[in-house]
Amino acid sequence: MWLAISLYIVFLLVFLLIPPLYDGIERKIRAKLHSRIGPPTLLQTWYDILKLFKKELVITDTGLASVLLSGLLIATVIITASTLPLGFSTPITSSGSSLVLFTVLLIGCQLLWVSLTLTPGNPYATIGVFREALIGMINEFFLVMGLVALMFYTGSPSFDGMIWARPSLTYLLIFILLAVSAFIGSGRIPYDIAEAEPELASGVLIEFSGPLLGITLYSHYLKRAILYGLLADMILLPLTRIIGVAVSALIYPVMVLAIWIVFAVISVMLGRTRVDIAPRSMLKIYIPLTIAMLIAWLAGV
Amino acid sequence: MSLKKLLKPFKLISIARRSGVVTVLYPYQKSLITTEFRGKISIDATKCMGCGACVNACPPNALTLSRRDDTIILNYFIGRCIFCGRCAEVCPVGAITVTHEFELASTSTRDLNESLVHRIERCSGCGGGLGATSRMLQYVILHSPASENYVHLCPDCRKKKLIQSLAMKMGARTEDYEG
Amino acid sequence: MSVEEILDIIREKLGGIAEDIRYVESAGIIVRVKPVNLREASHIVHDVLDAYFRTMMAVDERPINNTFAAYYVYGLDDKGINIIIETHADPYTPVLPSIADIVPAADWYELEAWDLLGIRFKDRKLYRFVLPDDWPEGLYPLRKDVDYTARPSPRITYKPPLQGPRLPVGPYHPALHEPEYFELFVEGERVVDVEYNGFHVHRGIEKLAESPRFTYQKVPFLAERICGICGFVHSVAYTLSVENAAKIEVPERAQYIRSIVLEVERLHSHLLWLGVACHLLGYDAGFMHSWRIREKVMVLAELLTGSRKTYGINLVGGVRKDINMDKITAIRNTLAWLRSEFAKLADLVTSVPQIVRRARGTGVLPRDEARKLSVVGPVARASGLDRDVRRDYPYCAYKDVSFRVPVYTEGDNLARLMVRVEEIFESMDIIDQLLDKLPGGSIMAEKIEVPEGLIGIGNVEAPRGEDIHVVITGRGRPYRWRVRAPTYQNIPALKVMLRDTPLADAPLTIASIDPCFSCTDRIVVIDLKTGKKEKLQTVSIPGGCGCEI
């Protein structure tokens with residue numbers, strides 16, 4: 001028991017430490033696609049975050065609210081990470097309704113993110129938040145729908161249900177639905193309109209600097225890793241029956257990285273969308289996907 | 001929308017693969033400069049005669065000429081230089097060359113100034129300042145040998161000498177002038 | 001149509017009010033009118049003869065004939081000839097009638113003349129435009145009695161803070177690469193109006209060129225520094241205007257070299273723009289690859305001129321650097337490489353769905369608005385105006401080459417993008433033709449003498465559009481040198497383009513005119529008190545936009 005818990009803590013710590021490293025790898029790959037050298041090391045994102053933490057904290061009129069909310073945000077994101085299976089069923093995720101808890105926490109992260117970025121009241125940030133909220137509302141809806149469909153499909157409100165999920169077209173379609181919402185939810189081009197550097201001067205992040213920016217950036221990367229981790233779990237958990245828990249736990253970070261890189265490469269190929277086009281283009285993907293999922297389910301394939 | 005059209009943006013991968021990495025780790029790898037590159041100028045102190053032709057041509061006034069006591073100072077301030085190379089073009093003795101040097105940043109403006117000091121020649125008649133350097137005089141003699149007898153004199157002494165020689169020709173005696 | 005025939009038409013239309021009509025080869029047909037007749041003459045030339053407004057030069061001619069003079073330059077594009085309306089104002093209280101309601105494009109010129117020369121324009125609102133807010137009242141820097149070293153002590157001004165649903169874009173903003181200030185009035189994510197406050201980087205270059213520090217042969221280097229991207233066009237426009245005025249015979253070879261370098265400059269400028277446009281649309285891969293290709297053009301420029309930018313090879317009378325066989329080979333190789341690489345890139349960029357969707361239908365400039373504002377360059381060509389100085393008013397070696405002028409009628413951001421993409425291919429063809437025909441001979445005129453008191457016009461099709469310089473010669477240096485950069489003519493159109501555009505596309509729309517603020521900024525300031533209301537009504541008089549030298 002204690003061994004299981006301490007092993008879990010080690011794996012969780014690793015999971016918390018790797019998102020900035022993955023971003024470093026992404027930056028290198030993006031640089032390659034741009035025909036340039038890119039950052040000097042893969043750890044560059046880590047160095048950036050650490051440097052931000054060394055800078056002074058600037059407290060503005062609304063700074064206190066920002067600091068409090070950022071603390072709350074990072075705590076929530078870390079807790080959300082701890083409710084995710086890391087390629088194996090952890091002591092937390094094997095509980096009765098861990099998938100429900102995870103879903104609620106994930107929505108909580110999104111809400112906290114929106115309220116944190118709303119605090120400075122900068123016109124750019126405000127526009128960014130409205131964009132974020134609009135995209136988020138649509139995306140979250142389908143994300144939750146995908147997770148609920150997963151619960152129904154596995155017949156369990158716990159992650160453990162996934163271990164016994166049988167591969168089928170329906171499962172694949174649920175996976176695709178969640179993959180799309182993970183892509184959009186992780187704020188990648190074309191859906192990074194809330195930040196949109198050349199339009200809004202980093203939008204939601206414009207007023208943040210120093211440790212505050214460090215925290216927001218780190219929670220952003222961690223949230224990305226959680227969303228991709230969920231996808232990796234959907235692949236690996238059913239496989240544990242064949243490959244075993246130990247192998248699955250070791251493959252897990254690699255799988256998350258693979259998903260991360262695939263998404264990164266896709267976003268390099270595309271431009272940024274616009275707030276009035278985005279909902280339409282999202283619905284154009286989501287609605288057919290949902291219908292296909294329902295049909296497949298009813299057909300039992 | 002056809003699938004082909006949808007996948008077209010992925011051509012980026014083949015473009016990127018074919019072009020490879022094009023940025024360089026400057027300054028660890030030397031950046032590319034063509035043979036024609038114009039950098040800072042270098043003034044050959046053994047040739048410069050301080051005539052100021054470059055100063056007249058210099059668009060940003062990076063080259064300046066000043067006179068202090070018995071000297072003419074040609075100053076080159078890199079901070080103002082636009083690296084056009086006009087000075088090299090107009091220099092009558094080819095003392096200025098355009099180099100390939102361009103990494104000129106410095107924390108001290110002293111590093112950005114180069115001065116060349118020329119002594120002003122004295123009039124061989126009255127000993128007053130002549131306003132010209134010895135190389136300028138040599139240059140004049142080289143291009144107009146007839147002036148050899150006059151260039152070492154100041155305008156006043158030159159006039160005197162001219163009148164003197166005219167008078168001599170007309171029969172005056174030397175003592176009339178030296179007495 | 002010959003000059004004589006045009007002269008006849010002008011005599012017929014303007015004979016009644018003109019004091020004098022003469023033809024000057026270096027400039028065009030000069031019609032002198034009394035200030036009272038200026039409005040009528042402007043109306044006839046602009047509306048009846050359908051000439052584009054090109055530039056206006058206000059001059060302090062008090063030392064010559066004790067008047068303030070204004071020269072309004074119009075162009076008959078299809079005939080390639082300028083009509084210049086010359087008028088003289090009183091030396092003590094110079095007043096001229098405003099023509100901004102007849103010729104909307106003249107709005108800025110009047111404001112600038114008021115700021116710099118103190119010429120008052122009747123029946124219009126005059127406000128501080130080009131000079132900084134703290135410049136004292138009543139001191140007009142371009143007047144001849146103001147020394148170029150004058151440094152007046154600043155006056156204290158108060159500017160009310162921003163109020164209402166305004167979104168500041170600038171003076172520092174990631175989408176603007178130079179200090180300019182746009183104030184967007186937004187409703188949700190729609191831009192309803194825009195105010196422009198520019199000329200933050202006015203350097204007083206025109207005044208400087210008239211100062212004793214400069215000579216005819218030094219000004220090309222100063223002119224080249226008007227713009228960091230398309231500086232060579234300014235240096236060529238200046239030298240052309242002086243050469244035209246003084247009738248200097250420039251060797252053919254020099255003209256060809258100028259044309260080649262001008263086209264190389266266009267290549268690099270358009271590639272730069274394409275990269276920036278991609279970046280603004282979040283497509284950084286397009287940005288990086290566009291600049292990767294551009295780098296080869298920069299290296300080529302260095303090989304041809306000695307410098308990657310601000311080439312510094314131009315002088316009155318010719319050029320300073322010749323082209324040899326090695327360089328011709330280098331150009332040909334680079335062009336061959338560029339052709340295939342750019343074709344691939346253009347194909348790629350236009351296949352990215354977000355780019356096409358966001359550029360299409362946004363920032364629309366309808367044809368009639370474009371005509372009213374006499375916009376130039378790719379902006380004009382994307383709005384259905386078939387204008388190109390290289391074809392309409394041939395200069396340098398452009399008379400010897402054939403090329404297509406791409407014209408689109410949509411007037412949106414995508415049309416402007418496509419115009420530039422096609423122009424890159426045309427430029428490469430032009431360079432090839434020039435190399436084929438490159439004549440031998442010297443590269444510098446034998447005799448360079450510039451008599452006093454002559455007027456000359458030099459125009460160049462810059463990557464951003466028509467760049468036109470007017471010079472009145474003086475002793476040893478220009479008496480007056482008037483620069484009109486393309487962006488100066490195009491920024492007023494932004495007001496039309498930005499209206500009703502999604503906020504997200506505002507940076508792209510601003511970028512779509514390829515603004516070159518340091519070009520335009522010789523100076524502008526907007527009076528916030530004039531308020532939004534007035535500006536909303538006067539669509540044709542863009543009060544709030546400014547571009548400078």
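Modeller: A polar contact here is a pair of N or O atoms within 3.5 Å, where, within protein, one must be able to donate a hydrogen and the other to accept it. In this predicted model, six residue pairs across the interface of chain C and chain A meet that rule, both residues at pLDDT 80 or more.

Biologist: Which elements of chain C give two or more residues to the side that touches chain A?

Modeller: They are strand S8 (166–169), helix H8 (252–280), helix H9 (284–305) and helix H11 (353–359) of chain C. H9(C) gives the most, five residues. By class, this side of chain C holds 16 nonpolar, six polar and seven charged residues.

Biologist: What makes the pair A:Arg274 and C:Asp505 a salt bridge?

Modeller: The cut-off is 4 Å between a side-chain nitrogen of Lys or Arg and a carboxyl oxygen of Asp or Glu. The N to O distance between A:Arg274 and C:Asp505 is 2.4 Å, so the pair is within the 4 Å limit and counts as a salt bridge. The rule finds one salt bridge across the interface of chain C and chain A.

Biologist: How much area is buried between chain C and chain A?

Modeller: About 2200 Å², with 58% of it from carbon and sulfur atoms. C:Glu189, C:Gln354 and C:Arg357 supply 22% of the area that chain C buries against chain A, more than any other three residues.

Biologist: And what area do chain A and chain B bury between them?

Modeller: The figure for chain A and chain B is about 900 Å², 75% of it on carbon and sulfur atoms. On chain A, 61% of the area buried against chain B comes from A:Ser35, A:Ile37 and A:Met269, more than from any other three residues. Helix H1 (2–33) and helix H10 (245–269) of chain A each supply at least two residues of that side, and H10(A) has the largest share, four residues.

Biologist: Why is A:Thr45 called buried?

Modeller: The relative accessible area of A:Thr45 is 2%. Buried means under 20%, so A:Thr45 is buried. A:Thr45 lies in helix H2 (residues 44–54) of chain A. Not counting residues up to four places away in sequence, A:Thr45 touches A:Pro20, A:Asp23, A:Gly24, A:Arg27 and A:Tyr221.

Biologist: What is the mean pLDDT of chain C?

Modeller: The mean is 87, and 92% of the residues of chain C reach 70 or more. Over residues 522–549 of chain C, however, the pLDDT is below 50; beyond near neighbours in sequence, that stretch has 129 contacts in the model.

Terms used: Residues numbered from 1 in each chain as written. Chains lettered and ligands numbered in written order. Heavy atoms only, no water. pLDDT = per-residue confidence, 0-100. Contact = heavy atoms within 4.5 Å. Buried area = accessible area lost by both parts, 1.4 Å probe. Buried < 20%, exposed > 50% of the residue type's maximum accessible area, 1.4 Å probe, protein only. Polar contact = N/O pair within 3.5 Å; in protein donor to acceptor, adjacent residues only side chain to side chain. Nonpolar A, V, L, I, M, F, W, Y, C, P; charged D, E, K, R; others polar.
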